[in-house]
Amino acid sequence: MFETVFYFPWEVSLIIFLQSSLPGFVFGFFEIIADVITKNVLALLFILIYLAYNKDWGKFTLLSLGVAGVCCEFVKVTVARLRPYAAVDTIKCIRANVPDQNPLDFKIQGYSLPSGHTMMATNLFLAIPIYVRNIQYIVIGLVGVLIVALSRVGLGVHFPTDTIVGFIIALAIILILSRIYDKIENRAYLYLTIIALSLAGVLFCPEISYIKYVALALGISLGFLVEEKYVNFENPKSRRDAIVRIAGAVILFILLFVLIPKFAGNTDLVKCIVHSLCTFIMLAIYPLAFKKIDRDG
């Protein structure tokens, strides 16, 4: 694959300034952010919102997360921009994207543009506030996104422009979805469009790292498609019902996303199956149990 190296001088100066000026405990905090803002953590959080708090909020955040993941990986693989520490000798890699692997193996570490963590942070902090049009929480969310973006730059794994592009792409996805989500009478068309565009991208980007995100988008879209047609569960009517749903979801999530890959092998095929089938089970099959476990069911 043809890899690219490009950056502005100010980006290098900013990274070097942060790495030479910030105290050690700040980088420790940055590493904690890297561990928390991950696809699995956000997926679980948004699934719990969907199952046990507000169904529409959960659907919106999961859709925006899935679409953002597909777009992020498509751009990463297509542009193939090297990470700062690989492009500039004076920049240190304080914490690699995948810590226990070779920082220069970009099939594992992924490329630099755009910043996936910044995109996920944009979904985490801004998706719901934008969807419900709460200006106060949008402002607070912007601060959260800025902190995450700064952490990626300080750790030496992203140029500032990576985080800017990541933020713009994720924000554009959220804004577009927020405009059309409630206006489409039959959301099946939206889900099928996401599936079709994601699969079409495979023709131009047949890399396994992209296909994994396509599998996730398929699991989310098909899950909502089936749930709306055959399940159509309601938000919990009591705190007890919400807690029981959450407990069951966490147990199922650990079984599907942790134990199955551990025993079946962490191969690319297993990852694709986990991303698609297991997500589908969480969104469309598990809610079938609500009539049994809900007190009001």
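**Figure 1. Packing of helix α4 against helix α9.** The axes of α4 and helix α9 (residues 160-180) come within 9 Å and cross at roughly 140°. Axes here are lines fitted to C-alpha atoms, for helices over the stretch in contact, and angles run from 0 to 180 degrees between N-to-C directions. The two helices α4 and α9 are therefore oblique to each other; angles under 35 degrees count as roughly parallel, over 145 as roughly antiparallel, 65 to 115 as roughly perpendicular and the rest as oblique. On the α4 side, the contact is made by Phe-60, Leu-63, Ser-64, Val-67, Ala-68, Cys-71 and Val-75. Helix α9 contributes Ile-169, Ile-173, Ile-174, Leu-177 and Ser-178. Contact means heavy atoms within 4.5 Å. By class, this contact of α4 with α9 has 10 nonpolar, 2 polar and no charged residues. Ala, Val, Leu, Ile, Met, Phe, Trp, Tyr, Cys and Pro count as nonpolar, Asp, Glu, Lys and Arg as charged, and the others, Gly among them, as polar. The structure is a predicted model, in which local features need pLDDT of at least 70, side-chain atom pairs count only at pLDDT 80 or more, and totals for chains, interfaces and linings use all residues. Residues are numbered from 1 along each chain as its sequence is written, and side-chain values use heavy atoms, with hydrogens and water left out.

**Figure 2. Packing of helix α4 against helix α10.** Helix α4 (residues 55-79) packs on helix α10 (residues 188-204) at an angle of about 15°, and their axes are 11 Å apart. Helices α4 and α10 are therefore roughly parallel to each other. Their crossing is left-handed. From α4, the contact uses Lys-59, Leu-63, Val-67, Val-70 and Phe-74. From α10, Leu-190, Tyr-191, Ile-194, Ser-198, Gly-201 and Phe-204 take part. The residues of the contact of α4 with α10 divide into 8 nonpolar, 2 polar and 1 charged.

Figure 3. The axes of α8 and α9 are 9 Å apart, at an angle of about 145°. The crossing of α8 and α9 is right-handed. Leu-142, Val-145, Ala-149, Arg-152 and Val-153 of α8 meet Pro-160, Thr-163 and Phe-167 of α9. These residues of the contact of α8 with α9 comprise 6 nonpolar, 1 polar and 1 charged. Thr-163, located in helix α9, is buried, with a relative accessible area of 8%. Buried means under 20% relative accessible area, exposed over 50%, and partly exposed in between (1.4 Å probe, protein chains only). Leaving aside neighbours within four places in sequence, Thr-163 is in contact with Ser-115, Thr-118, Ala-149, Arg-152, Val-153 and His-158.

**Figure 4. Surroundings of Leu-216.** Leu-216 belongs to helix α11 (residues 208-231). This leucine, Leu-216, is buried, with a relative accessible area of 8%. Not counting residues up to four places away in sequence, Leu-216 touches Lys-39, His-275 and Thr-279. Between Leu-216 and Tyr-50 there are 166 residues in sequence and 16 Å in space, C-alpha to C-alpha.

Figure 5. The peptide bond from Leu-113 to Pro-114 is cis, with omega near -5°. Pro-114 sits in the loop between α6 (106-109) and α7 (116-132). In the loop between α7 and α8 (135-154) lies Arg-133, whose phi is near 60°, a positive value in a residue other than glycine. Arg-133 is exposed, with a relative accessible area of 56%. Asn-232, in the loop between α11 and α12 (239-264), has a positive phi of about 55° although it is not a glycine. Asn-232 also counts as exposed, at 53% relative accessibility.

**Figure 6. The whole chain, for orientation.** The secondary structure of the protein comes to 14 helices and 0 strands; helices (H or I, at least four residues) and strands (E, at least two) are DSSP runs, numbered from the N terminus. The radius of gyration of the protein is 20 Å, close to the 19 Å that the globule rule gives for 297 residues, so it is as compact as a globular protein of that length. That radius is taken over C-alpha atoms, and the globule rule is 2.2 Å times the number of residues to the power 0.38. Along the principal axes, the C-alpha atoms fill a box of roughly 60 × 40 × 40 Å. Buried residues make up 49% of the 297 residues.

Definitions and conventions: A crossing is left-handed if the near helix is turned anticlockwise from the far one by less than a right angle, and right-handed if clockwise.
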